[in-house]
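The sequence and the structure are shown below.

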Amino acid sequence: MVKISPSILSADFTNIKKDFRMMEDGEADLIHVDVMDGHYVPNITFGPPVVKQYRNLTEIPFDVHLMIEKPEIYIEDFVKAGADILTIHSDATIHTHRVIQQIKSYGIQAGISINPGQGLEDIEYLLPYLDLVLLMSVNPGFGGQSFIPETLEKIKILKEMIRKKAPNVLIEVDGGVTLDNAPTIVEAGADILVAGTAIFKAKDPKSMIQKLKME
């Protein structure tokens, strides 16, 4: 069964406790926390102190997506803040393998993210060291964008690579996920769906989480 990771980038920050309760009631598997630095992507969100405060609001695992340059500088801070998964972008640091090892040294899960314009070749050798690969199905930086359809073929190719090299690695898809396209994305091979607008802007967000699970 597919896992759902609501992206709090689309949550109501004036009443964030309510949204955390909703995610618990909706049985979200993970909570996707988008960290942006205004350099790697043209937007700024929040850092470790805010993540640490959010950590006190729920026991749902935090799926922290670092859209930042030189993530190695901040790995320890986000681990201490409560991240259960840390995902970095493959082109945001020079020594990707070293940063993955750094994340794993803290006993949490490590992921690599690939942007729409990137190929999969650069991460193939890293698969045995990873817990997940996050495929961006929109260009990172802002919520509410439409799913890039070419991502479906990318998911299928990645699924075959994983089958051959590291069968336990999960595929996470982030961007433009809706109730309409979720079945096709899962059919292509996705294990985790990140959804922001589709959940938090729905009339019944809790019910939308359950619908996306496709139980």
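Val 173 stands opposite Leu 193 in strand 8. The chain crosses from strand 7 through helix 7 (residues 182-188) to strand 8, and this β-α-β crossover is right-handed (with the strands pointing away from the viewer, the path from the first strand over the helix to the second runs clockwise). This is a predicted model, in which local features need pLDDT of at least 70 and side-chain atom pairs count only at pLDDT 80 or more, while totals for chains, interfaces and linings use all residues. Residues are numbered from 1 along each chain as its sequence is written, and side-chain values use heavy atoms, with hydrogens and water left out.

**Strand 7 and its neighbours**

- Helices (H or I, at least four residues) and strands (E, at least two) are DSSP runs, numbered from the N terminus.
- Strand 7 and strand 8 (residues 192-195) run parallel and are joined by three bridges; two strands pair if DSSP finds at least two bridges between them.
- Strand 6 also runs parallel to strand 7, with five bridges joining them.
- Within that pairing, Leu 134 has Glu 172 of strand 7 as its bridge partner.
- Four of the five residues of strand 7 are buried, so this strand is largely enclosed by the rest of the structure; buried means under 20% relative accessible area, exposed over 50%, and partly exposed in between (1.4 Å probe, protein chains only).

- Glu 172 is found in strand 7, which spans residues 170-174.
- Glu 172 is buried but has no salt bridge, and the nearest side chain of opposite charge, Lys 3, is 10 Å away.
- For charge, Lys and Arg count as positive and Asp and Glu as negative, while His and the chain ends are not counted.
- A salt bridge is a side-chain nitrogen of Lys or Arg within 4 Å of a carboxyl oxygen of Asp or Glu.
- Leaving out residues up to four places away in sequence, the contacts of Glu 172 include Ser 5, His 32, Asp 63, Leu 132 and Val 194, where contact means heavy atoms within 4.5 Å.

**Strand 4**

- Five of the five residues of strand 4 (residues 85-89) are buried, so the strand is largely enclosed by the rest of the structure.
- Ile 85, Thr 87 and His 89 are buried on one side of strand 4, and Leu 86 and Ile 88 are buried on the other, so that both faces are covered.
- Strand 3 pairs with strand 4 in the parallel sense over four bridges, and Leu 66 has Ile 88 as its bridge partner.
- Strand 4 pairs with strand 5 (residues 109-114), also in the parallel sense, over five bridges, and here Ile 88 has Ile 112 as its bridge partner.
- A right-handed β-α-β unit is made by strand 3, helix 3 (residues 75-81) and strand 4.
- Another right-handed β-α-β unit is made by strand 4, helix 4 (residues 96-104) and strand 5.

- The buried residues of helix 1 (residues 16-25) are Ile 16, Asp 19, Phe 20, Met 22 and Met 23.
- Seen down the axis of helix 1, these buried residues fall within an arc of 160 degrees, so they line one face of the helix; the arc is that of the directions from the helix axis to the C-beta atoms.
- Lys 17 and Asp 25 are exposed on the other side of helix 1.
- The elements that the buried residues of helix 1 pack against include strand 1 (3-6), strand 2 (31-36) and helix 9 (205-213).
- Just after helix 1, Glu 27 takes a positive phi of about 60 degrees.
- Thr 96, Val 99, Ile 100 and Ile 103 are buried in helix 4.
- They cover an arc of only 100 degrees around the axis, which puts them on the same side of helix 4.
- Helix 3, strand 4 and strand 5 are among the elements that cover the buried residues of helix 4.

**Salt bridges**

- The count comes to seven salt bridges.
- Asp 131 and Lys 104 meet in a salt bridge (2.8 Å, N to O).
- This pair links distant parts of the chain, with Asp 131 in the loop between helix 5 (121-124) and strand 6 (132-136) and Lys 104 in helix 4, 27 residues apart.
- Asp 131 is buried at a relative accessible area of 19%, and Lys 104 is partly exposed at 35%.
- Lys 18 forms a salt bridge with Asp 19, with the closest N and O atoms 3.3 Å apart.
- Arg 163 and Glu 160 meet in a salt bridge (2.5 Å, N to O), and both lie in helix 6 (residues 151-165), three residues apart, about one turn of the helix.
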